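Me: I have a chain open here and want to go through it with you. Can we start with the overall layout and then pick out some residues?

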Amino acid sequence: MLMRTDPFRELDRLAQQLMGPGTWSKPSAMPMDAYREGDEYVVAFDLPGVTADAIDIDVERNMLTVKAERRPVAKANDVQMELSERPLGVFSRQIVLADTLDTEHIKADYDAGVLTLRIPIAERAKPRKISVGVGTGHKEISG
């Protein structure tokens with residue numbers, strides 16, 4: 001079996017262990033991707049092991065805030081943990097949205113541990129054609 005090591009992953013894991021799990025007052029960051037697809041922006045957050053009811057999405061003015069909490073799985077009394085690398089606690093991410101996005105019509109879907117937000121581009125920000133009229137005479141402005 002081929003195994004690849006990532007020293008930065010080990011440093012991240014060590015830092016997480018030293019700082020402890022994220023709390024509501026000091027949440028941990030969550031990984032995300034953001035891209036444009038047609039007439040909307042798509043933002044995808046990795047939240048494996050988080051239930052949909054533990055996700056909170058809030059928009060205030062142009063600030064989008066996503067918070068989620070990964071809770072420990074209930075274990076029987078005779079279970080002894082051998083290795084625990086999956087972080088628990090609160091995760092959060094804030095994104096400043098452009099004025100050209102329609103924050104009134106954001107759609108959120110959660111599937112297979114990925115939260116996907118689709119944010120449409122506002123109609124006023126979409127390109128449009130302006131027709132040019134041809135005048136038949138000169139107009140005089142008097143004042």
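Predicted model: local features only at pLDDT ≥ 70, side-chain atom pairs only at ≥ 80, totals over all residues.

Me: How many helices and strands does the chain have?

Reply: There is one helix, and there are eight strands. In sequence order the pattern reads α-β-β-β-β-β-β-β-β.

Me: What share of the residues is buried?

Reply: Of the 143 residues in the chain, 21% are buried. The accessible surface is about 11,700 Å², and carbon and sulfur atoms account for 53% of that.

Me: On to the four-stranded open sheet. What is the strand order?

Reply: The order is β2-β3-β8-β7, and the pairing is antiparallel. The edge strands, each pairing on one side only, are β2 (32–37) and β7 (107–111). From one strand to the next, the twist averages 20°.

Me: How many bridges join β3 to β8?

Reply: Seven bridges, between residues 40–46 of β3 and residues 114–120 of β8, with the two strands antiparallel.

Me: Which residue in β8 stands opposite E40?

Reply: P120 does. The side chain of E40 also makes a polar contact, at 2.9 Å, with the side chain of R118.

Me: Where is R118 placed?

Reply: R118 is in strand β8.

Me: Why is R118 classed as partly exposed?

Reply: Because its relative accessible area is 23%, and the partly exposed class lies between the buried limit of 20% and the exposed limit of 50%.

Me: What does R118 touch, leaving out neighbours within four places in sequence?

Reply: R118 is in contact with E37, E40, Y41, V42, H105, I106 and K107.

Me: Take K107 from that list. Buried or exposed?

Reply: K107 counts as exposed, because its relative accessibility is 54% and the cut-off for exposed is over 50%. K107 lies in strand β7. Beyond neighbours within four places in sequence, K107 has contacts with T116, L117 and R118.

Me: How far is K107 from V42, C-alpha to C-alpha?

Reply: The separation is 9.7 Å, for two residues 65 apart along the chain.

Me: Different spot now. Which strand holds T65?

Reply: T65 is in β5, which covers residues 63–70.

Me: Why does T65 count as buried?

Reply: Because its relative accessibility is 13%, and buried means under 20%.

Me: Which side chain makes a polar contact with the side chain of T65?

Reply: That of Q94, at 3.0 Å. Again leaving aside neighbours within four places in sequence, T65 is in contact with D56, I57, D58, S92, R93 and Q94.

Me: Which backbone oxygen does the side chain of S92 have at 3.5 Å?

Reply: The backbone oxygen of V66, which is 3.5 Å from a polar atom of the S92 side chain.

Conventions. Residues numbered from 1 in each chain as written. Heavy atoms only, no water. Buried < 20%, exposed > 50% of the residue type's maximum accessible area, 1.4 Å probe, protein only. Areas by Shrake-Rupley, 256 points an atom, 1.4 Å probe, with all protein chains shown as cover. Pairing = 2+ DSSP bridges. Axes fitted to C-alpha atoms, helices over the stretch in contact; angles between N-to-C directions. Contact = heavy atoms within 4.5 Å. Polar contact = N/O pair within 3.5 Å; in protein donor to acceptor, adjacent residues only side chain to side chain.
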